[in-house]
Amino acid sequence: MNLFTYERASDASGAIDLARGNAAARYLGGGTNLVDLMRETVERPDMLVDVTGLPGGIEPRADGGLLIGAAATNTALAADPHVRTHYPLLARSILAGASAQIRNMATVGGNILQRTRCRYFYDTAAACNKRQPGSGCDARDGFNRYHAILGASPSCVATHPSDMCVALAALDAMVQLDGPGGARRLPLLDLHRLPGDRPDVETELKPGELITAVEIPPLPIARRSTYRKVRDRASYAFALVSVAAALDVDDGGMVREVRLALGGVAHKPWRASAAEAALKGRPATAESFRAAAEAELAAAAGLRDNAFKIELAKRTIVAVLTDLKGEDA
Ligand SMILES: Cc1cc2nc3c(=O)[nH]c(=O)nc-3n(C[C@H](O)[C@H](O)[C@H](O)COP(=O)(O)OP(=O)(O)OC[C@H]3O[C@@H](n4cnc5c(N)ncnc54)[C@H](O)[C@@H]3O)c2cc1C
């Protein structure tokens with residue numbers, strides 16, 4: 001580990017000022033990912049700006065939505081009564097991740113910006129275009145069970161590991177940012193990038209930008225929503241495939257509205273827009289659910305160890321929608 005300074009900010013402008021102009025500065029949330037990466041020398045900041053003292057409230061908004069301070073812990077968000085009632089998929093996604101101890105430390109901002117768990121990214125002896133641009137990708141022909149089946153590129157097949165972000169993607173969450181160039185808002189779906197030929201550029205954040213809050217719009221159908229994570233172990237494992245979903249079926253059995261997002265399949269949380277479009281106005285039947293899943297996965301491509309995830313994703317979509325329809329009945 002190289003030498004670094006530690007500063008603690010008490011507000012957003014103080015944090016931004018501390019990091020201003022220093023490409024080697026990093027904001028520090030709970031440290032559950034960043035400190036691991038520092039130990040492995042994948043990250044080598046010369047300054048940590050602790051942002052856990054910034055606002056972390058979880059406030060219902062007048063319009064029925066929610067405003068979540070970036071310093072809110074994952075535990076607090078999953079336990080929040082408003083979240084549990086109005087956005088159960090969000091609470092379930094968080095509880096499906098990590099362990100209680102890690103969730104107690106991890107913040108919303110840090111969860112969104114956690115780095116991939118691709119083992120070749122963590123192994124500094126391996127080729128990884130994300131860690132060292134131009135060095136190659138050992139995952140392509142290596143152990144790639146957990147890797148991407150959608151939106152990957154010859155440069156990178158890593159996946160985004162966050163469970164929480166999959167729910168936020170389904171909910172059309174907005175991310176509030178602040179930085180040297182001022183404050184702005186960005187849809188969560190536009191925050192993370194697909195790898196293309198620059199997998200080292202993971203987000204649309206500008207230098208020095210800080211996540212200050214996340215907004216969740218009101219979404220009545222999310223009261224009937226869920227998150228299912230398929231993984232190799234029942235706990236303490238990242239997703240092979242996950243599905244966040246909300247479904248509204250009318251009295252005639254037709255899909256009035258649906259939200260679907262996938263995790264474990266791509267370099268970013270994956271909104272299943274093709275599946276949503278295929279389902280709207282269609283009968284809420286197993287056949288329609290399967291057709292929607294086929295539409296979403298039509299462009300999927302597998303590697304040596306992960307091709308099974310294509311069928312797994314389809315079946316998980318069908319199973320989750322079937323469960324939600326049952327709840328509606
Ligand atoms: C053993 C283990 C198992 C895990 N299992 C899962 C799992 O199953 N599912 C899952 O989703 N996650 C899992 N995680 C990951 C965990 O959720 C993340 O480590 C955690 O959410 C990161 O939050 P943090 O606050 O600790 O971030 P940090 O480690 O502090 O920071 C992560 C990144 O975000 C940046 N950052 C932090 N806050 C801000 C901010 N406000 N603005 C801008 N940048 C910021 C940091 O600079 C850093 O780059 C696991 C972690 C471990 C160690």
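Thr41 lies in the loop between H2 and S3. Helices (H or I, at least four residues) and strands (E, at least two) are DSSP runs, numbered from the N terminus. This is a predicted model, in which local features need pLDDT of at least 70 and side-chain atom pairs count only at pLDDT 80 or more, while totals for chains, interfaces and linings use all residues. Residues are numbered from 1 along each chain as its sequence is written, and side-chain values use heavy atoms, with hydrogens and water left out.

Phi of Thr41 is near 60 degrees, a positive value in a residue other than glycine. Most residues other than glycine have a negative phi. Thr41 counts as partly exposed, because its relative accessibility is 26%.

At 49% relative accessibility, Tyr236 counts as partly exposed.

Now turn to H1 itself, residues 12–19. Its buried residues are Ala12, Ala15, Ile16 and Ala19. They lie on the same side of H1, because they cover an arc of only 95 degrees around the axis. That arc is taken from the directions from the helix axis to the C-beta atoms. An α-helix has 3.6 residues a turn, so residues three or four places apart point the same way. What covers this buried side? The cover includes strand S2 (25–28), strand S3 (47–50), strand S6 (174–178) and strand S8 (210–216). Contact here means heavy atoms within 4.5 Å.

Leaving aside neighbours within four places in sequence, Thr212 is in contact with Ala12, Ile68, Gly69, Ala70, Gln176, Leu177 and Asp178. Thr212 and Leu54 are 158 residues apart along the chain, yet their C-alpha atoms are separated by 7.9 Å.

Glu215 is buried, because its relative accessible area is 6%. Its side chain makes a polar contact with the side chain of Arg185, at 2.7 Å. A polar contact is a pair of N or O atoms within 3.5 Å; within protein, one must be able to donate a hydrogen and the other to accept it, and residues adjacent in sequence count only if both atoms are side-chain atoms. Beyond four places in sequence, the contacts of Glu215 are Arg61, Leu66, Leu67, Ala173, Met174, Gln176 and Arg185.

Next comes the ligand. It is surrounded by 31 residues, and the closest are Tyr27, Gly30, Thr32, Thr107 and Asp163. The shell around the ligand divides into 14 nonpolar, 13 polar and four charged residues. Ala, Val, Leu, Ile, Met, Phe, Trp, Tyr, Cys and Pro count as nonpolar, Asp, Glu, Lys and Arg as charged, and the others, Gly among them, as polar.

A backbone N or O atom of Pro161 lies 3.4 Å from a ligand oxygen atom. In the side chain of Lys229, an N or O atom is 2.8 Å from an oxygen atom of the ligand. On its own the ligand has 980 Å² of accessible area, and the protein covers 92% of it. S2, helix H2 (34–39), helix H7 (108–112) and S8 are the elements that give two or more residues to the shell.

Other helices complete the tour. Helix H5 (residues 88–95) is largely enclosed by the rest of the structure, because six of its eight residues are buried. Those buried in H5 are Pro88, Leu89, Leu90, Ala91, Ser93 and Ile94. Asp190 is found in helix H10 (residues 188–191). At 42% relative accessibility, Asp190 counts as partly exposed. Ser288 lies in helix H12 (residues 286–297). Ser288 is buried, with a relative accessible area of 10%.

How values were computed: Buried < 20%, exposed > 50% of the residue type's maximum accessible area, 1.4 Å probe, protein only. Near = heavy atom within 4 Å. Areas by Shrake-Rupley, 256 points an atom, 1.4 Å probe, with all protein chains shown as cover.
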